[in-house]
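Please read the following report alongside the sequence and the model, which are shown first.

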Amino acid sequence: MQLDRLDARLLSIVQTHNRHSSEELGTMVGLSATAVQRRLKRLRDAGVIEAEVAVVKPKSVGRPIAMLVLVTLERERADIVDRFKQSIRQTPEVMNGYYVTGDADFVLIVTAESMEDYEVFTRKFFYENPDIKGFKTMVVMDRVKTGFSVPIDFDHFS
């Protein structure tokens, strides 16, 4: 899908604050409310806008602990990688999962209620999975920045 400058401006706004009305967005980017609605629908339908979500403070829902976990698979075969990707998608404790290059095969961001809860998770998710060679956990001490905003360079759009 080809994006233009107006699409880029809309995306820049809604990715950081998606509660503006169509009228407000139109004023910000110089379009009518109807034109904004059409563009947003097109961006959603094309998958450019993947989701519209609220970012919840984990501590407020009883999950104050976060970990970055580096996971190494036993072998890097397509079926093993695909199986592990599927297990990541099906596991609610895994907030984000990335298939990466380097020393580890995957980087996960995992949330837990407590260290005891995380230990139970590791037994179930890592130790009981024969495809996992090993994992390394780094406990997050301070959540400095959280979000999904992508920097948009307007010079790339006509």
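The report covers strand pairing, the nonpolar cores, a helix pair and one aspartate.

This is a predicted model, in which local features need pLDDT of at least 70 and side-chain atom pairs count only at pLDDT 80 or more, while totals for chains, interfaces and linings use all residues. Residues are numbered from 1 along each chain as its sequence is written, and side-chain values use heavy atoms, with hydrogens and water left out.

Helices (H or I, at least four residues) and strands (E, at least two) are DSSP runs numbered from the N terminus, and two strands pair if DSSP finds at least two bridges between them. Strand β3 takes part in both pairings below.

| Strands | Sense | Bridges | Opposite residues |
|---|---|---|---|
| β1 and β3 | antiparallel | 7 bridges | L68 and I109 |
| β2 and β3 | antiparallel | 5 bridges | G97 and L108 |

In the hairpin of β2 and β3, 6 residues lie between the strands, and G102 takes a positive phi near 110°. Of the 7 residues of β3, 6 are buried (under 20% relative accessible area with a 1.4 Å probe, protein chains only; exposed is over 50%, partly exposed in between).

A nonpolar core is a set of buried Ala, Val, Leu, Ile, Met, Phe, Trp, Tyr and Cys residues joined through side-chain atoms within 4.5 Å. The largest such core has 19 residues, of which F84, L108 and F126 touch the most other members. At least two residues of this core come from each of β1 (65-73), α4 (78-89), β3 (106-112) and α5, and β1 gives the most, with 5 residues. Another core, of 11 residues, lies apart from it and includes L10, L11, V36 and L40.

The axes of α1 (residues 5-14) and α3 (residues 33-45) come within 11 Å and cross at roughly 80°, where axes are lines fitted to C-alpha atoms over the stretch in contact and angles run from 0 to 180 degrees between N-to-C directions. The two helices are therefore roughly perpendicular, a label for angles of 65 to 115 degrees. Residues making the contact (heavy atoms within 4.5 Å) include L6, L10 and V14 of α1 and V36, L40 and L43 of α3.

D131 is placed in the loop between α5 (115-127) and β4 (132-139). D131 is buried, with a relative accessible area of 12%, and its side chain makes a polar contact with the side chain of R83 at 2.9 Å (a pair of N or O atoms within 3.5 Å; within protein, one must be able to donate a hydrogen and the other to accept it, and residues adjacent in sequence count only if both atoms are side-chain atoms). Leaving aside neighbours within four places in sequence, D131 is in contact with L73, E74, I80 and R83.

Technical notes:
Angles under 35 degrees count as roughly parallel, over 145 as roughly antiparallel, 65 to 115 as roughly perpendicular and the rest as oblique.
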